[in-house]
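Dear colleague,

I am passing on the structure below, with some notes on what I found when going through it. Please read the notes with the structure open beside them.

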Amino acid sequence: MVEFKGRYIGMAKSLTNNKIELYLEVAEPDKAKTIDSELAGKGELTIEIKKYRKKRSLDANAYFWALVDKLSVKTGQDRIQIYRNAIKDIGGVSEIICLKSEAANRLCEVWSEKGIGWQADVMPSKLRGCKNVILYYGSSTYNTEQMSRLIDNIVQDCKAVGIETMTPAELAVLKAAWGKEKKSEHNNFNGKACKES
């Protein structure tokens with residue numbers, strides 16, 4: 001689907017047949033070229049014309065979620081799982097701590113209550129009676145660099161299955177705005193290292 005802003009100019013009876021031709025003025029010439037290259041000669045189309053309404057601007061996190069939703073619809077994957085996997089894929093948004101084994105599960109429960117992106121994985125430790133816990137932060141805390149990586153990855157996944165995304169220039173503006181609006185709220189968890197007993 002190609003969506004663009006423009007104006008209705010008028011209509012006239014075709015000179016070659018008994019059909020009506022519509023004339024539109026397109027405000028985005030690049031999109032008009034896309035229509036010509038992708039749809040010319042492709043046969044019948046579904047055409048929808050409606051009054052223009054300015055879309056509410058999205059911040060980077062909202063745009064990320066919009067893409068997650070589209071990817072979920074297109075692939076049949078659970079949207080929450082897409083989000084949680086995306087967080088684990090980007091790197092630089094987690095910490096590893098070591099603590100007593102009996103405290104590991106409780107920490108995971110408390111950590112995950114912060115939000116759906118706040119995840120914890122328990123791993124074995126070389127220290128007797130201890131576990132290593134990887135704590136992942138949710139995207140609402142990300143700085144510009146972290147959010148950029150998250151968006152770049154979801155954009156790549158969307159393009160791979162034919163989902164239209166913002167242009168690189170539009171994405172750059174979105175990411176820059178995130179940096180201005182969002183100061184890093186990355187709360188460092190100061191876990192105390194276990195000592196071998």
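What share of the contacts in the chain with a separation of 6 or more comes from residues 24 or more positions apart? The share is 63%. Please keep in mind that this is a predicted model, and that the contacts I describe are therefore those of the model.

On the overall layout, the chain contains six helices and five strands, which follow one another along the sequence in the pattern β-β-α-α-α-β-α-β-β-α-α. The chain has 197 residues, of which 28% count as buried.

As to confidence, the mean pLDDT over the chain is 83, and 85% of the residues reach at least 70. Strand 5 has the highest confidence, at 96, whereas helix 1 (residues 29-39) has the lowest, with a mean of 72. Over residues 183-197 the pLDDT falls below 50, although this stretch has 29 contacts in the model beyond near neighbours in sequence.

Helix 3 (residues 79-90) is made of twelve residues, and the distance from its first C-alpha to its last is 17 Å, close to the 16 Å expected at 1.5 Å a residue. Its buried residues are Ile82, Tyr83, Ala86, Ile87 and Ile90. Because these residues cover an arc of only 135° around the axis, they lie on the same side of helix 3. The elements that cover them include helix 2 (60-75), strand 4, strand 5 and helix 5 (144-160). At the start of helix 3, a side-chain oxygen of Asp78 comes to within 3.2 Å of the backbone nitrogen of Ile80, while the residue that follows the helix, Gly91, has a positive phi, near 75°.

Ser139 is located in the loop between strand 5 and helix 5, and it counts as buried because its relative accessibility is 1%, against a cut-off of 20%. Leaving aside neighbours within four places in sequence, the contacts of Ser139 are Asn61, Tyr83, Ile87, Met147, Leu150 and Trp178.

Helix 4 (residues 101-112) also has twelve residues, which at 1.5 Å a residue should span 16 Å; the end C-alpha atoms are 18 Å apart, which agrees. Which residues of helix 4 are buried? They are Ala104, Leu107, Cys108 and Trp111, and because they cover an arc of only 100° around the axis, they are placed on the same side of helix 4. What covers these buried residues includes strand 3 (94-100), strand 4 (119-124) and strand 5 (130-136). The face of helix 4 turned away from the buried side, by contrast, carries Glu102 and Asn105, which are exposed.

Finally, a word on the cysteines. With a cut-off of 2.5 Å between cysteine sulfur atoms, the count of disulfides comes to zero. Cys108 is among the buried residues of helix 4.

With best wishes

Definitions and conventions:
Residues numbered from 1 in each chain as written. Predicted model: local features only at pLDDT ≥ 70, side-chain atom pairs only at ≥ 80, totals over all residues. Heavy atoms only, no water. Helix = DSSP H or I, 4+ residues; strand = E, 2+ residues; numbered from the N terminus. Expected span 1.5 Å × (residues − 1). Buried < 20%, exposed > 50% of the residue type's maximum accessible area, 1.4 Å probe, protein only. Arc of directions from axis to C-beta. Contact = heavy atoms within 4.5 Å. pLDDT = per-residue confidence, 0-100. Polar contact = N/O pair within 3.5 Å; in protein donor to acceptor, adjacent residues only side chain to side chain.
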